[in-house]
Amino acid sequence: MVKIENEAQYAGALKRVEELMLKLPEDTPMDDPEMVELVLLGNLVADYDEENYPIGEPSLIDVMKLRMYEMGLTQAALAKLIGVSPSRVCDYLSGKSEPTLKVGRVISQKLNIDPAIVLGV
């Protein structure tokens, strides 16, 4: 199979990938026939996913919430970190307003968020 072309092929390949993942131990050599099959089918499944179920770019709100979770920050702690009021953070996270360029720069630096996400591009 060079490419998965329909949902039936996709479902079959995905099922086989899951079977192989459960069956093969982590230390299986890469030249093992079933490991080769797993890698090839996994790549085909990933290609089909990418083509038919693309994942959009994350929004600034989503990434900020994720970083807050990862860093254990409350809205008040985030407000202090980026130098704005807690109500302003609430506005950002609810989508009522967007950060200014100056605050966006701080968000990008302090939360390690790609500037393109902060700018929405």
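Reader: Which residues in α4 meet which ones in α5?

Author: Bearing in mind that this is a predicted model, Q75, L78, A79 and I82 are the α4 residues that meet α5, where their partners are P86, V89, C90, Y92 and L93. Sorted by class, this contact has 8 nonpolar residues and 1 polar one, with no charged residues.

Reader: And at what angle do the two pack?

Author: Helix α4 (residues 75-82) and helix α5 (residues 86-94) pack at about 105 degrees, and their axes lie 8 Å apart. Since angles from 65 to 115 degrees count as roughly perpendicular, α4 and α5 are therefore roughly perpendicular to each other.

Reader: Staying with α5, which of its residues are buried?

Author: In α5 the buried residues are V89, Y92 and L93. Viewed down the axis of α5, they fall within an arc of 95 degrees, so they line one face of the helix. They pack against α4, and also against α3 (60-71) and α6 (101-111).

Reader: What follows α5?

Author: G95 comes after α5, and its phi is positive, near 85 degrees.

Reader: Switching to α3, which residues are buried there?

Author: L60, V63, M64 and M68 are the buried residues of α3, and they cover an arc of only 140 degrees around the axis, which puts them on the same side of α3. Their cover includes α4, α5, α6 and α7 (115-119).

Reader: How far apart are the end C-alpha atoms of α3?

Author: They are 16 Å apart, which agrees with the 16 Å that the 12 residues of α3 should span at 1.5 Å a residue. Just after α3, G72 takes a positive phi of about 65 degrees.

Note on methods
Residues numbered from 1 in each chain as written. Predicted model: local features only at pLDDT ≥ 70, side-chain atom pairs only at ≥ 80, totals over all residues. Heavy atoms only, no water. Axes fitted to C-alpha atoms, helices over the stretch in contact; angles between N-to-C directions. Helix = DSSP H or I, 4+ residues; strand = E, 2+ residues; numbered from the N terminus. Parallel < 35°, antiparallel > 145°, perpendicular 65-115°, else oblique. Contact = heavy atoms within 4.5 Å. Nonpolar A, V, L, I, M, F, W, Y, C, P; charged D, E, K, R; others polar. Buried < 20%, exposed > 50% of the residue type's maximum accessible area, 1.4 Å probe, protein only. Arc of directions from axis to C-beta. Expected span 1.5 Å × (residues − 1).
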